[in-house]
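The following note sets out several points for a colleague examining this model. Please read the points alongside the sequence and the coordinates.

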Amino acid sequence: MFQQTYTVDQLFEQSVILGCLMLSIFLVNFITNRNKITGSNSLSILFYTLLIVFFPRVLLDSDAIFCSFFILLAVRRLLSLRSFKEVKLKIFDASVWILIASLFYDWALLYLLLVFVAIYFYQAKNIRNWLIPFVAIIAMSIITLAILVLLKDPYFLSDHYVFNMVITPSYFNDFENVAYLFLYVFIVLLSGLISYIRLGNVGLNWLMSMRLVLYLFLVGLVIFLFKSSSEHHPIMLTFFPSVVFMTTYLETIKKDRVKELVLISVIVLPFIVLLSRIF
């Protein structure tokens, strides 16, 4: 589809990228089932894979794949705060994973805001919790600088963290890109809204988790607007919250025939879009 060719020397690198992508898919399933934000099923794996089919260009962006993987590790720790066990360790771990993710996309540092949101949701009264992300920043800065000195690349951080707020006109002037993006955002937000209406009385913990997932989606959209170009496709950062919303919506449908019809439509649509792009 993209007419990509790889040399023998690049096969190992591509295998690592593919392995990271496969781990991300199963990590999404683990997070949703372990934290019980969706039912115990494999719909999250299905939807995550279908989103890759719907946005196939994400496969060209290794930075997006790695960044998304580490963000998933951070989200796993943030959502598990609802158990109120090892809170400080989970906050520190989530902050570290986000900082590692930012080494691939500088704007991924925005996800640190979600750490403070999670602290506000679950243990806002403990002042020490608010200081832990700053401790993680200091620790990661020291470790990263030491590694860069060993690699003889001390200027990587200053060159990497530029935070350019540039919206690429050529990308968003393409009607195809805008149409698919609008359809995607509309379906995700509509699924989330319907799920919230139907399951609003499930419990406070579930509602807090869903709010955190919504903020995760919005931050991902902001990064997508700032970083999208012909080389960068960070839309993958929004895949996890999209999967949660769509899975939850499908689970709220009580009539089996309607549920099967919606599921078939969701499966067929990405492949229609894929074939239209190829031909």
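**Notes on the predicted model**

1. Residues 178–197 are 100% helix and 0% strand, with 28 Å between the end C-alpha atoms.

2. Where does S68 lie? S68 belongs to helix α3, which covers residues 62–79. Its relative accessibility is 5%, and because buried means under 20%, S68 counts as buried. Beyond its neighbours within four places in sequence, S68 is in contact with Y48, M236 and L237.

3. Helix α9 (residues 175–198) packs with helix α11 (residues 239–252) at an angle of about 50°, and the axes are 8 Å apart. At that angle α9 is therefore oblique to α11. The crossing of these two helices is left-handed.

4. On the α9 side, the contact is made by Y184, I187, V188, S191, G192, I194, S195 and R198. On the α11 side, F239, S242, F245, M246, T248, Y249 and T252 take part. By residue class, the contact of α9 with α11 comprises eight nonpolar, six polar and one charged.

Key. Residues numbered from 1 in each chain as written. Predicted model: local features only at pLDDT ≥ 70, side-chain atom pairs only at ≥ 80, totals over all residues. Heavy atoms only, no water. Helix = DSSP H or I, 4+ residues; strand = E, 2+ residues; numbered from the N terminus. Buried < 20%, exposed > 50% of the residue type's maximum accessible area, 1.4 Å probe, protein only. Contact = heavy atoms within 4.5 Å. Axes fitted to C-alpha atoms, helices over the stretch in contact; angles between N-to-C directions. Parallel < 35°, antiparallel > 145°, perpendicular 65-115°, else oblique. Left-handed = near helix turned anticlockwise from the far one by under 90°. Nonpolar A, V, L, I, M, F, W, Y, C, P; charged D, E, K, R; others polar.
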